[in-house]
Amino acid sequence: MNSSEFPFADAPNTACFTCCHVLEENKPILYVSHDKDGYWQFLCGGSHKEEDARVVSLASILSIDEKMSDLAELDYGEYAEAESETSDWTVRCKNK
């Protein structure tokens, strides 16, 4: 995939947060957040401790799950949740 095909407005090497459950346990990504400060989070949807956090590139997230490109248009302050890998995404705006 070249940069003209990359679905996110951010560069492929943009750092984003994920969790050890997604990276090391192959759990599905069920929570995606595009924070007001511009950071992206791609998490399993479960409970997390600080030590569960991992930093990867946006390109790495797409290599884990190419369907994340469907959420590339999330605006700052929006997040999306799904109940399972096959569920539809529900997009909401964070209150603060």
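This is a predicted model: local features need pLDDT of at least 70, side-chain atom pairs count only at pLDDT 80 or more; totals for chains, interfaces and linings use all residues.
## Overall fold

The chain contains 2 helices and 6 strands. Read from the N terminus, these elements follow the order β-α-β-β-β-α-β-β.

The C-alpha trace spans about 35 × 30 × 25 Å along its principal axes. Of the contacts between residues at least 6 apart in sequence, 63% join residues at least 24 apart.

## Surface and charge

Buried residues account for 35% of the 96 residues. The accessible surface of the chain is about 6100 Å², and carbon and sulfur atoms contribute 44% of that surface.

The chain carries 8 positive and 19 negative charges. The mean position of the positive charges lies 8 Å from the mean position of the negative charges.

## Salt bridges

The whole structure has 3 salt bridges. One of them pairs Glu 24 with Arg 54, with 2.8 Å between the closest N and O atoms. Glu 24 belongs to helix H1 and Arg 54 to strand S4 (residues 53-57), so this bridge ties together parts that are 30 residues apart in sequence. Arg 54 has a relative accessibility of 24% and therefore counts as partly exposed.

A salt bridge also joins the side chains of Lys 94 and Asp 35, at 2.9 Å from N to O. Lys 94 sits in the segment after S6, while Asp 35 sits in the loop between S2 and strand S3 (40-43), so the pair ties together parts 59 residues apart in sequence. The two partners fall into separate accessibility classes: Lys 94 is partly exposed at 27% relative accessibility, whereas Asp 35 is buried at 11%, because buried means under 20%.

Arg 92 and Glu 81 form a salt bridge too, their closest N and O atoms being 3.2 Å apart. Here the link runs between two strands, with Arg 92 in S6 and Glu 81 in S5 (residues 78-81), so the parts tied together are 11 residues apart in sequence. Arg 92 is partly exposed, with a relative accessible area of 40%, and Glu 81 is likewise partly exposed, with a relative accessible area of 31%.

## Asn 26

Asn 26 has a positive phi of about 55°, although it is not a glycine. Most residues other than glycine have a negative phi.

Asn 26 is located in the loop between helix H1 (20-25) and strand S2 (31-34). With a relative accessible area of 66%, Asn 26 is exposed, because the cut-off for that class is over 50%.

## The segment after S6

Strand S6 covers residues 90-93, and Asn 95 is found in the segment after this strand. Asn 95 is exposed, with a relative accessible area of 80%. The C-alpha atom of Asn 95 is 8.2 Å from that of Gly 77, a residue 18 positions away along the chain.

Lys 94, the salt-bridge partner of Asp 35, also lies in the segment after S6. Lys 94 is partly exposed at 27% relative accessibility, while Asn 95 is exposed at 80%.

How values were computed: Residues are numbered from 1 along each chain as its sequence is written. Side-chain values use heavy atoms; hydrogens and water are left out. Helices (H or I, at least four residues) and strands (E, at least two) are DSSP runs, numbered from the N terminus. Buried means under 20% relative accessible area, exposed over 50%, partly exposed in between (1.4 Å probe, protein chains only). Contact means heavy atoms within 4.5 Å. Accessible areas come from the Shrake-Rupley method with a 1.4 Å probe; for residues, only the protein chains shown count as cover. Lys and Arg count as positive and Asp and Glu as negative; His and the chain ends are not counted. The place of a charge is taken as NZ of Lys, CZ of Arg, CG of Asp or CD of Glu. A salt bridge is a side-chain nitrogen of Lys or Arg within 4 Å of a carboxyl oxygen of Asp or Glu.
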